[in-house]
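This briefing is meant to be read with the sequence and the coordinates side by side.

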Amino acid sequence: MNKTRIAINILALSFLATGLHAQTLLFNLVDSPDYSLFGYAIAGGLDVNADGYDDVIVGAPAENNSKGSVRVYSGNGGSLLHYIGAAEFGHVGHTVVALGDVNQDGYDDFAYGDPGYGQVKGRVTAISGADYTIIFKAFGGLPVNFGEALGTCDINDDGITDVIGAAYDVLSFNHVMVLDGRNGEPLQVIYGDAYTYFGYASTDIGDLNGDGITELLIGAPRNASAGEHPSKALIYDGLTGELIRPLEAKRPKTDWFGQSVAALGDINADKIPDFAVASNYYIRVFSGADLSVIYELYNPGTKIGDMIKLEDIDGDRVPELAVQIRDSYSRQSVRIFSGASGSRLGEIRGEPGEAFGLRLAAGGDLNADGLPDLLVTCHIAGTTTSVKREVVKAYSIFTIP
C-alpha cells in the first residue's frame with residue numbers, strides 16, 4: 001500500500017451530511033440515581049419475547065455496591081421485562097451481548113460478564129430469553145477478570161453464535177477464549193502480550209483465507225512495556241488460532257488503535273470481506289484481500305470514542321459505521337458514515353453538558369419499521385437541584401423522502 005493512495009482516501013470526520021437520513025427518539029431508559037453505571041454495557045438486535053420487536057439489554061455494573069445488574073427492556077416502548085441482580089460483588093453487567101437463539105427454542109438469548117466474580121476471577125453467563133434461566137456459565141483460562149470484554153462469532157460454522165470472552169486487565173493475564181454458544185465449552189484460547197489490553201475489542205470478520213471458517217479480529221490498544229508492545233489490532237486464523245498478521249497503529253505509542261473493531265462484509269466487490277479498526281483519533285477500513293487501507297476517517301482536533309457496525313441504511317447492502325465524536329467535553333455527537341465509502345450520512349448531537357455516546361449498540365429493529373435503530377448511552381451531569389442521570393436513548397434512523 002503506497003502513501004499516495006492512503007492520502008487520497010483520507011476522509012474528514014466532519015464531512016457535510018448528505019441529507020439522506022435523519023432520526024427520531026423512540027424512548028429513554030433511565031436508571032435510579034445511585035451512580036450505578038447504568039448503560040456501561042448495552043446490546044440490542046434480539047427479540048427475547050418473540051413479539052416482533054427487538055429488545056434491549058442494559059448493564060449497570062456499579063449498582064448495589066458494585067454487585068451489578070442486568071435489565072431487559074422491551075423494544076416496543078421501553079418497558080422493563082426482566083431484572084437480574086447479584087448477591088455478591090462481581091460487576092454483573094460490565095459487558096452484555098446479544099446471541100440470537102443459541103438453544104433453538106424460538107427465543108433470542110444473551111450473555112453478560114461479571115469480571116469481579118470470585119475474587120476477580122470473572123465469568124460469563126448465557127441467559128435464555130424465553131424464561132431467563134441459565135444456559136451456561138463459563139470461566140476464563142487464567143484467574144483474572146474474565147468477562148471484562150465480550151464479542152461474538154461463529155467460529156465452528158454451526159450456525160450458532162459463539163461468545164468471545166476476554167480478560168484484558170493491565171496485569172499480564174491477557175487472553176481471549178471462544179466459548180461454544182450452545183454449552184459454553186472452550187473452542188479456542190488465544191493469549192496476548194502483557195499489559196496491552198488484548199481482547200479489549202473483538203469480532204469475527206469473515207473468511208479471509210478460503211478455508212470456510214471466519215477469522216477473528218482482536219484489538220490490543222494499549223501501548224505497553226515502553227513501546228515494546230505498541231497498540232495494534234491482530235487477525236487470527238479462525239480454524240487454527242494462529243496469528244495471521246498484526247495491523248499497526250500510525251502512532252504506535254499514542255494511538256489506541258484497536259479500541260473498536262467492526263466487520264463490514266465485502267465493500268469493494270472482490271468477494272473477500274473487509275473490516276474497520278478504530279483508534280482514538282482515526283478509523284481505518286481495511287481490505288480483507290491484501291490488508292491494504294481502503295479509506296481512512298480522520299479529522300484534526302477530534303477524538304473518537306465508541307465505534308460500531310450499524311446495518312445498511314442507504315440501500316447499498318453494505319453496513320454503516322456509527323461513531324462517537326468528541327470535539328470537546330461539551331460537544332459530543334454520534335455520526336453515521338457509509339461503510340462502503342466513508343461519506344457522512346447523518347449525525348445525532350447530544351445536549352449541552354451531556355456526555356453523549358459513551359456506549360453505542362445496534363438496536364436491531366425496535367419499532368418494527370424494517371429499518372435499523374441505534375442505542376446510545378449518555379450521562380447527564382447533576383446540578384444543585386438534581387443528581388447525575390445515566391440514560392440509554394433509543395433512536396430510529398430513517399430515510400427522508
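Rings of Phe, Tyr and Trp (for Trp, its six-membered ring) count as a pair if their centres lie within 6.5 Å, and such a pair is called stacked when the planes are under 30 degrees apart, edge-to-face when they are over 60, and tilted otherwise. In this model, which is predicted, the structure holds 12 aromatic pairs.

**Aromatic pairs and charges over rings**

- Phe198 and Tyr236 form an edge-to-face pair, with 6.1 Å from centre to centre and 80° between the planes.
- This pair links distant parts of the chain, since Phe198 belongs to the loop between strand S14 (186-191) and S15 whereas Tyr236 belongs to strand S17, the two residues being 38 residues apart.
- Phe198 and Tyr236 are both buried.
- Phe275 and Phe286 have ring centres 5.5 Å apart and planes at 20°, which lies under the 30 degrees cut-off, so the pair is stacked.
- Because Phe275 lies in strand S20 (residues 274-278) and Phe286 in strand S21 (residues 282-286), the pair ties together parts of the chain that are 11 residues apart in sequence.
- Like the pair of Phe198 and Tyr236, which is buried, Phe275 and Phe286 are both buried.
- A cluster linked by ring pairs is made up of Tyr168, Tyr197, Tyr200 and Trp256.
- Charged groups also sit over rings: the charged end of Arg123 is placed over the ring of Tyr117, 3.6 Å from its centre, and the charged end of Lys250 is placed over the ring of Tyr298, 4.9 Å from its centre.

**The sheet S15-S16-S17-S18**

- Four strands, in the order S15-S16-S17-S18, form an open sheet in which the pairing is antiparallel.
- Strand S15 (201-206) and strand S18 (243-248) stand at the edges with a single partner strand each, so one side of each is left without a neighbour in the sheet.
- From one strand to the next, the twist averages 20°.
- Strand S17 (residues 232-236) is joined to S18 by five bridges, and the two run antiparallel.

- Strand S12 (residues 162-167) and strand S13 (residues 175-179) pair in the antiparallel sense over five bridges, and Ala167 stands opposite His175 in S13.

**Residues with a positive phi**

- Most residues other than glycine have a negative phi.
- Asn145, although it is not a glycine, has a positive phi of about 55°, and its place is in the loop between strand S10 (134-138) and strand S11 (149-153).
- With a relative accessible area of 11%, which is under the 20% cut-off, Asn145 is buried.
- Leaving aside neighbours within four places in sequence, Asn145 is in contact with Pro115, Val120, Lys121, Gly122, Ala166, Ala167 and Asp169; one of these, Ala167, is the residue that stands opposite His175 in S13.
- Ala50, which is not a glycine either, also has a positive phi of about 55°, and its place is in the loop between strand S3 (41-46) and strand S4 (55-59).
- Ala50 has a relative accessibility of 44% and therefore counts as partly exposed, whereas Asn145 is buried.

**Confidence of the prediction**

- The protein averages a pLDDT of 88, and 88% of the residues score at least 70.
- Over residues 1-8 the pLDDT is below 50, and this stretch has nine contacts in the model beyond near neighbours in sequence.
- Over residues 15-20 the pLDDT is likewise below 50, and there the model shows 11 contacts beyond near neighbours in sequence.
- Where pLDDT is low, the predicted coordinates should not be read in detail.

How values were computed: Residues numbered from 1 in each chain as written. Predicted model: local features only at pLDDT ≥ 70, side-chain atom pairs only at ≥ 80, totals over all residues. Heavy atoms only, no water. Pairing = 2+ DSSP bridges. Axes fitted to C-alpha atoms, helices over the stretch in contact; angles between N-to-C directions. Buried < 20%, exposed > 50% of the residue type's maximum accessible area, 1.4 Å probe, protein only. Contact = heavy atoms within 4.5 Å. pLDDT = per-residue confidence, 0-100. Lys NZ or Arg CZ within 6 Å of the ring centre and 35° of its normal.
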